[in-house]
Amino acid sequence: MAEAKTQPTQVSAADFIASVEPVGKREDAELLDAIFRRVTGAEPVMWGTSIIGYGSYKTTYASGRDVHWMRAGFSPRKAKHSLYMMGGYCDELAGKKRDAQLEKLGKHSRGKSCLYINKLADIDLAVLEDMIAADWEAMRRIYPED
């Protein structure tokens, strides 16, 4: 079976963040990096060309496909920041808690396992930090560290 296209790289997350344009997105990315580092205790790793990940896990889907992916992360995309918070996707209990937190977060949209935020000024950063912490704990519970 083919490997996922997005893999960890040796590119420096700090160098990538320093290159983010416009300046407002870069400043948000710096703040997101600080929050993810503080909450997870993990150093950032670039996944592909534009995703900053914290920690990783391995699992095998029911289809038999082996997956290696980040436990949490974000990408400072031009339109909106994409936050990858896997715990609420992988764990029903964490997912229910996330739904309650989303009501207090502020302006956002979401996909199946992503949270989209235009700019950090639109949200309550304390709620975001709680969400990241809850997701991180769920991932540690489901996929213990290697």
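**Stop one: the aromatic cluster**

Select Phe36, Tyr54 and Phe74: together they make up one aromatic cluster. Keep in mind that this is a predicted model.

Rings count as a pair here when their centres lie within 6.5 Å, and by that rule there are six aromatic pairs. Zoom in on Phe36 and Phe74: the ring centres are 5.7 Å apart and the planes sit at 20 degrees, so this pair is stacked. Now colour by secondary structure. Phe36 belongs to helix H2 (residues 23–40) and Phe74 to strand E3 (residues 66–76), so the pair ties together parts that are 38 residues apart in sequence. Buried or exposed? Phe36 is buried, at 0% relative accessibility, and Phe74 is buried with a relative accessible area of 0%.

**Stop two: helix H5**

Next, select residues 125–142, which is helix H5. Then pick out the buried residues of H5, among them Leu128, Met131, Asp135 and Trp136.

**Stop three: zoom out**

Switch to cartoon for the whole chain. You'll see five helices and six strands, running α-α-β-β-β-β-α-α-β-β-α along the sequence. The C-alpha trace spans about 40 × 35 × 25 Å along its principal axes. Its radius of gyration is 15 Å, which agrees with the value near 15 Å for a compact globule of 146 residues. Finally, colour by burial: 44% of the 146 residues count as buried.

Notes
Residues are numbered from 1 along each chain as its sequence is written. This is a predicted model: local features need pLDDT of at least 70, side-chain atom pairs count only at pLDDT 80 or more; totals for chains, interfaces and linings use all residues. Side-chain values use heavy atoms; hydrogens and water are left out. Rings of Phe, Tyr and Trp (its six-membered ring) pair if their centres lie within 6.5 Å; planes under 30 degrees apart count as stacked, over 60 as edge-to-face and the rest as tilted. Helices (H or I, at least four residues) and strands (E, at least two) are DSSP runs, numbered from the N terminus. Buried means under 20% relative accessible area, exposed over 50%, partly exposed in between (1.4 Å probe, protein chains only). The expected span of a helix is 1.5 Å times one less than its number of residues. The radius of gyration is taken over C-alpha atoms; the globule rule is 2.2 Å times the number of residues to the power 0.38.
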